[in-house]
Amino acid sequence: MLSLCADPIDPQVLYAAVFLAGVYKSRDGGATWTAANTGLTTLNVFSLAIDPAAPETVYAGGQQGALCRSIDGGASWTPIGADLDISGIRGLAVGGGRPAVLYLATLADGVLMSVDGGASWSALNDGLTALDIRCFAA
C-alpha cells in the first residue's frame, strides 16, 4: 500500500492506493476492501487525496503524471490535468477549504499547484533543490 486516506466525515470510509492494483475502497473501517478502478488511467497509483469539503471527491495520482478525479466516491474516475508532462506523482493534496486548489509533489518536476481544479499548473519550486524534491516526493 502506498497511500491511505479516510473520509473526514465518515471515518469508516477508507481509500488505499495499492501498487500495480489501483485504488481500493473500504466502507467498514478496513475490514473489507473492493477495487475502485473504473476509468483510472493507470493502476500504478502512488497518492490519494480527499476533498475535505466534498468527501465524495477523491483524487488519485500515479505513474507518468496520471491524475484522475472521482466525484462519486471512487465509483468512476475521470482524467484531469491533461497538460501535465511530468514523470510521476508522489504526493497529492487538496487546498484546505478551497477545493479547486490542488498540490502535487512529483518525482522529478517539483511541487506543482493548480488553482482551477487541475486544468492548469504552475511550479512552486523556489528555494527547493532537486534533492529536496526527490526526498519530499519519495
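Why does Trp 33 count as partly exposed? The reason is its relative accessibility of 31%, because partly exposed covers the range between buried, under 20% relative accessible area, and exposed, over 50% (1.4 Å probe, protein chains only). The structure is a predicted model, in which local features need pLDDT of at least 70 and side-chain atom pairs count only at pLDDT 80 or more, while totals for chains, interfaces and linings use all residues. Residues are numbered from 1 along each chain as its sequence is written, and side-chain values use heavy atoms, with hydrogens and water left out.

To begin with the overall layout, the protein chain has twelve strands and one helix. Both kinds of element are DSSP runs numbered from the N terminus, with at least four residues for helices (H or I) and at least two for strands (E). Along the sequence the pattern reads β-β-β-β-β-β-β-β-β-β-β-β-α. Of the 138 residues in the protein chain, 46% count as buried. The chain exposes about 6,700 Å², and carbon and sulfur atoms supply 57% of this area; accessible areas come from the Shrake-Rupley method with a 1.4 Å probe, and for residues only the protein chains shown count as cover.

Trp 33 itself is found in the loop between strand S3 (22-26) and strand S4 (34-35). Together with Met 1 and Leu 4, Trp 33 forms a nonpolar patch on the surface, with about 330 Å² of accessible area in total. Patches are made of residues with over 30% relative accessible area and no salt bridge; like charges are joined within 9 Å, and nonpolar side chains (Val, Leu, Ile, Met, Phe, Trp, Tyr) within 5 Å. A salt bridge here is a side-chain nitrogen of Lys or Arg within 4 Å of a carboxyl oxygen of Asp or Glu.

S3 is mostly covered, with four of its five residues buried. S3 and S4 run antiparallel and are joined by two bridges; two strands pair if DSSP finds at least two bridges between them. Tyr 24 has Ala 35 as its bridge partner in S4, and Tyr 24 is also the bridge partner of Ala 16. S2 and S3 pair over five bridges in the antiparallel sense and form a hairpin with three residues between them, where Leu 20 in the turn has a positive phi of about 65 degrees.

Four bridges link S6 and strand S7 (residues 67-70), and Val 58 stands opposite Ser 70.

Further along, strand S10 (residues 102-106) and strand S11 (residues 111-114) run antiparallel, joined by four bridges. Leu 104 stands opposite Leu 112 in S11, and Leu 112 in turn stands opposite Ala 123 in S12.
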